[in-house]
Amino acid sequence: MKLLSPAISRFARLRLWSIEQWLNDPVSTQFTVWQDLIAAGQYTEFGRQFHFSEIQSLQDFKERIPIQDYESLKPYIERMMQGEENVLWNTPINWFAKSSGTTSDKSKFIPVSEESLKENHFKGSKDILSLYYVSHPESDLLTGKGLVIGGSHQISNINDDVHYGDLSAVVLQNSPFWSNWIRTPDLSIALMDEWESKIEQLAKATIHENVTSMAGVPTWLIVLLRRILEITGKSTISEVWPGLELYMHGGVSFVPYKKQFEKLIGKQINYLEVYNASEGFFAGQDDIDKEGMLLMCDHGIFYEFMPVYEFDGDRKTIQLDEVEIGKNYALVITTAGGLWRYLVGDTIQFTSLDPFRIKVSGRLKHYINAFGEEVIVDNTDKAIAIASEKTNAVVNDYTAAPVYFSEGNNGAHEWLIEFEKEPADLNQFIYELDAALKSINSDYEAKRHKDIALRMPVVKAVPKNTFNNWLNSKGKLGGQHKVPRLSNDRTFLDEIIVFASMPS
């Protein structure tokens with residue numbers, strides 16, 4: 001163990017005192033966070049519109065302010081992006097985190113205030129690292145460098161004072177100067193937008209560093225690690241970075257990737273899951289041997305939990321002291337960036353109530369997010385319609401699921417499509433489908449760029465009535481029963497392939 005490690009471990013244990021303050025009383029902590037947010041928000045236009053100054057209780061808060069989504073907040077956010085102040089938050093908003101879009105937008109732009117950076121994203125990261133050091137006191141983690149790889153890091157200026165980029169770009173641009181000492185690569189490479197060149201530069205810049213940790217979406221990281229092995233001629237990453245001990249992952253399910261990482265790395269390391277979205281740093285594993293991530297309760301976000309059956313009903317929410325283990329809840333947040341009672345779209349389950357640990361259980365709607373592409377049914381319905389019109393085809397129904405990374409291939413989406421009228425050229429239909437999805441969803445477009453992460457879709461035409469016959473075989477034909485159009489795993493798709501006696 002290096003000489004610096006004991007000092008870092010002692011610092012982490014000192015920080016544990018402040019963590020334990022909210023960890024031991026999360027319900028009261030959350031109430032204090034809520035009071036602070038209401039106090040800050042009452043002077044904004046949104047606060048005046050909903051009479052924040054008259055709110056005396058949580059019940060008042062819930063009765064006055066309807067559940068919000070991006071569409072309802074979009075008019076406010078557009079004005080903020082033009083430089084208006086005191087619209088949703090009471091301090092200037094100069095940064096927006098760009099993420100995948102909604103029903104009517106290719107991209108969302110989430111306001112990121114100085115408070116949300118310091119009290120949420122940075123504080124959450126430091127707390128998770130401190131908890132890691134407490135449980136791994138012999139760690140050499142911070143004696144080396146952390147490899148950080150996100151999605152597209154392009155920073156775009158709307159005007160001289162307002163910028164946007166994906167969350168990783170926003171965080172990198174606003175990190176304290178000393179973070180450059182413990183992070184690789186430098187910003188000139190990390191902020192590159194063209195991924196083919198970026199992967200090459202990342203590989204060459206990091207090969208000779210003492211990399212002790214990695215963070216980022218699994219999709220891109222696999223591409224980078226493979227390239228590093230090609231350049232070095234080594235068999236495993238542990239030969240390149242013998243000090244590597246931790247991979248922090250999040251954003252997509254890690255289950256399909258773990259065996260690939262174990263093979264690429266070639267030795268046992270620790271894997272730590274974090275729930276760090278554009279809207280906020282919500283949770284992270286405090287114990288890598290236990291299921292679930294510790295909910296960040298004192299980090300500038302107030303949480304509400306909507307039982308999923310309420311989504312199409314009254315949309316009533318409950319608080320931390322009312323949740324139950326194993327129940328599905330839609331996450332509703334109020335943040336120090338001006339998101340008020342905002343429906344994130346994720347569903348979560350509690351795995352522990354002391355402390356409060358959660359896991360992401362899915363989305364409120366069917367989706368594919370195996371590679372960070374966040375494709376929703378609205379995206380695919382539109383893409384199918386566009387491809388059908390351009391190829392003179394008629395589609396009765398479809399289902400799609402991911403094809404995971406393998407030794408020889410990158411990921412893809414596999415589609416089973418039941419045509420009423422087949423296209424004259426199926427390959428042309430596939431081309432138009434892919435092109436439409438890229439035009440509709442910016443995250444899918446980024447993953448498809450030069451086939452670096454996602455290759456062309458795999459489309460198979462199934463005989464007419466395949467889906468109805470499959471539903472009938474399960475006793476689910478008719479009524480509200482439908483073939484799931486999108487799934488983030490292959491359960492349904494593989495079952496239908498077998499049912500239709502098609503080669504997989």
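With which residue does arginine 448 form a salt bridge? The partner is aspartate 434, the closest N and O atoms being 2.8 Å apart; a salt bridge is a side-chain nitrogen of Lys or Arg within 4 Å of a carboxyl oxygen of Asp or Glu. Arginine 448 sits in helix 15 (residues 442-448) and aspartate 434 in helix 14 (residues 426-440), 14 residues apart. Helices (H or I, at least four residues) and strands (E, at least two) are DSSP runs, numbered from the N terminus.

This is a predicted model: local features need pLDDT of at least 70, side-chain atom pairs count only at pLDDT 80 or more, and totals for chains, interfaces and linings use all residues. Residues are numbered from 1 along each chain as its sequence is written, and side-chain values use heavy atoms, with hydrogens and water left out.

The structure holds 26 salt bridges, among them these:

| Pair | Closest N to O |
|---|---|
| Lysine 108 and glutamate 279 | 3.6 Å |
| Arginine 448 and aspartate 434 | 2.8 Å |

Arginine 357 lies in strand 15 (residues 356-363) and aspartate 286 in the loop between strand 10 and strand 11 (293-295), so this pair ties together parts that are 71 residues apart in sequence. Arginine 357 counts as buried because its relative accessibility is 8%; buried means under 20% relative accessible area, with a 1.4 Å probe and protein chains only. Aspartate 286, at 18% relative accessibility, also counts as buried. Lysine 108 and glutamate 279 are buried, as are arginine 448 and aspartate 434.

A network of salt bridges links Glu200, Lys204, Arg227 and Glu230.

How values were computed:
Buried < 20%, exposed > 50% of the residue type's maximum accessible area, 1.4 Å probe, protein only.
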